[in-house]
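Please open the structure in your viewer and keep the sequence beside it. The tour below moves from the whole chain to a few selections.

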Amino acid sequence: MNPHASLPTQLLDPDAALVQAQPWNHTPVTLDSPALDVMTDLTRVKAAHTAPGTGLRQAEQLMIHQGVRMLFVTPQMPSIEGLVTTTDLSSDKVLRVVQQRGLHFDELTVADVMTPQGQLDAIDIAAMRSATVANVVATFKRLGRNHLLVLERGEGTAPQRVRGVISRSQVERQLGQLIEMTEVANSFADVERLLA
């Protein structure tokens, strides 16, 4: 074909229809299914992210627009400063920051309520390759989190990379059942709040 020629066209048949998009990786799984079946692989799906200075309302709109409940906080791609979830945006932490700093809600940024990078737990991709969905569910319950990160170790001196994300709500959809969670305290502030 001539590289400058136009492509042939045709009229639609009377019974032509739109192709329906299939949700990625929404196949039913069981507790015995491979853990990788419930991981969003960031080599295939672009990571949802925002800057540390993003306002909370804007971050919420980004999550709604992208259909996610978590954003990586990235000062500059691909570095990670932390992550922010829908839970962070509506938690007691927001009220505490407003009161402690004497700010208005609209003055808060993602950096004010995010979980910093140094406090993020991650599962090694090597462990995921031999794990089951039951192992993932047990990890959600142990950590009391809604998202798990999957880590890939760099070769030689290359840095670690976040290879994937596992969302509790996604696992619940794929399993067709809720994961019963007990709230877990991850800091002294959490212990104080749970005891109040």
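What follows is a list of stops, each with something to select and a description of what is there.

Before selecting anything, note that this is a predicted model, in which local features need pLDDT of at least 70 and side-chain atom pairs count only at pLDDT 80 or more, while totals for chains, interfaces and linings use all residues. Residues are numbered from 1 along each chain as its sequence is written, and side-chain values use heavy atoms, with hydrogens and water left out.

**The whole chain.** Show the protein chain as a cartoon, where the secondary structure comes to eight helices and eight strands; these are DSSP runs numbered from the N terminus, with helices being H or I of at least four residues and strands being E of at least two. Of the 196 residues in the chain, 34% are buried, a term that stands for under 20% relative accessible area with a 1.4 Å probe, protein chains only.

**The sheet.** Next select β1, β8, β7 and β6, which in that order form an open sheet with mixed pairing; two strands pair if DSSP finds at least two bridges between them. Because β1 (40-41) and β6 (122-124) stand at the edges with a single partner strand each, one side of each is left without a neighbour in the sheet.

**Strand β7.** Now select residues 147-152, the strand β7, where six of six residues are buried. From this strand His147, Leu149 and Leu151 point one way, whereas Leu148, Val150 and Glu152 point the other way. Six bridges join β7 to the antiparallel β8, with leucine 149 standing opposite valine 165. Towards β6 the pairing is parallel over three bridges, and aspartate 124 has leucine 151 of β7 as its bridge partner.

**Helices α6 and α7.** Finally, select α7 (residues 168-175) together with α6, and look at how their axes, which come within 11 Å, cross at roughly 140°; axes are lines fitted to C-alpha atoms, for helices over the stretch in contact, and angles run from 0 to 180 degrees between N-to-C directions. That angle makes α6 oblique to α7, since angles under 35 degrees count as roughly parallel, over 145 as roughly antiparallel, 65 to 115 as roughly perpendicular and the rest as oblique. Show side chains to see the contact (heavy atoms within 4.5 Å), which is made by Val133, Val137 and Phe140 of α6 and Arg168, Val171 and Leu175 of α7.

Note on methods
Buried means under 20% relative accessible area, exposed over 50%, partly exposed in between (1.4 Å probe, protein chains only).
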